Amino acid sequence: MVVRQITIELCKAKRFWPLCLLTFLSACVNDMKEVAAIIEPMTLPVVEEVNAQLTYTDSAKAKVKVDAPRLLHFAGEDPYLELPKGVHVWFYTPTGDIESELTANYAISFEKKDVMVARNDVVVINSKGEKLNTEELSWSKKHHRIFTDEFVTITTEDEVIYGHGLEANEDFSKYTIKKISGTIEVKNEQDP
């Protein structure tokens, strides 16, 4: 308090203003590690796109198409894409037919791991009309697999299967439920 009063008094005299400036500047020393710790969590996207469409191809043929109302691309040591407004993904056969599709209210795709995680009301429908519902599902682009440890519901033409955990190929034509907790048989109105 006394130092500040002396500094203010000295600053009133015109010849001491350089000393005042030096005093104030010397008090503003920041540890760079502290600054980095504050700035690091505030990472901003390097690209933001509205109504984004991505297509993954193999030999000039579409394998996967991704539509997202909003796409954020974050760079850095572990770059990723965030799809905060949801995602719609189509998986195609080599002949160009839709093999299966996935929708979710949120998704994040980790570029180095080559894995996309879809969350919140995830639905997968395959070409046979079988439907998977869960709250979180991961898709390994590298291994062409989808998987979850969350609760799942699979609806087929003649039954509804409940369980925890699932592994499947990315087109959801073959799947394994880890822990089945129940099955309900669905009867068609025309069945006796």
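Predicted model: local features only at pLDDT ≥ 70, side-chain atom pairs only at ≥ 80, totals over all residues.
**Entry 1, ground rules.** I number residues from 1 along each chain as its sequence is written, and I use heavy atoms for side-chain values, with hydrogens and water left out.

I describe a pair of aromatic rings by the distance of the centres and the angle of the planes. My rule takes rings of Phe, Tyr and Trp (for Trp the six-membered ring) as paired if their centres lie within 6.5 Å, and it calls planes under 30 degrees apart stacked, over 60 edge-to-face and the rest tilted. The count by this rule is five aromatic pairs. I looked up why the pair of Tyr 80 and Phe 110 is tilted: the ring centres are 6.3 Å apart and the planes stand at 45°, so the pair falls in that class. This pair links distant parts of the chain, with Tyr 80 in strand β3 (residues 80-83) and Phe 110 in strand β6 (residues 106-110), 30 residues apart.

Phe 151 and Tyr 162 gave me a stacked pair, at 6.2 Å centre to centre with 20° between the planes. Here too distant parts of the chain are linked, Phe 151 being in strand β9 (residues 145-155) and Tyr 162 in strand β10 (residues 159-169), 11 residues apart.

I count a charge as over a ring if NZ of Lys or CZ of Arg is within 6 Å of the ring centre and within 35 degrees of the ring normal. Lys 113 lies over the face of Phe 110 at 5.1 Å from the ring centre, and Lys 141 lies over the face of Trp 139 at 5.8 Å.

With a salt bridge defined as a side-chain nitrogen of Lys or Arg within 4 Å of a carboxyl oxygen of Asp or Glu, I find a count of five. In the bridge between Glu 136 and Arg 119, the closest N and O atoms are 3.1 Å apart. Glu 136 is in strand β8 (residues 131-140) and Arg 119 in strand β7 (residues 115-126), so this bridge ties together parts that are 17 residues apart in sequence. Glu 136 is partly exposed at 27%, as is Arg 119 at 31%.

How far apart are the closest N and O atoms of Lys 178 and Asp 149? I read 2.8 Å for this salt bridge, and since Lys 178 lies in strand β11 (residues 175-185) and Asp 149 in strand β9, the pair ties together parts that are 29 residues apart in sequence. Lys 178 is partly exposed at 44%, whereas Asp 149 is exposed at 60%. A further salt bridge joins Glu 167 to Lys 178 at 3.9 Å, N to O; Glu 167 is in strand β10, so the pair with Lys 178 in strand β11 ties together parts that are 11 residues apart in sequence. Glu 167 itself is partly exposed at 38%. Through shared partners, Asp 149, Glu 167 and Lys 178 are joined into one network.

Most residues other than glycine have a negative phi. I therefore noted Asn 51, whose phi is positive and near 55°, and which sits in strand β1 (residues 47-58) with an exposed side at 59% relative accessibility. Asn 120 also has a positive phi, near 70°; it lies in strand β7 and is partly exposed at 38%.

Leaving aside neighbours within four places in sequence, I list Pro 79, Tyr 80, Leu 81, Val 115, Met 116 and Lys 141 as in contact with Ser 109, contact meaning heavy atoms within 4.5 Å.

How values were computed
Helix = DSSP H or I, 4+ residues; strand = E, 2+ residues; numbered from the N terminus. Buried < 20%, exposed > 50% of the residue type's maximum accessible area, 1.4 Å probe, protein only.
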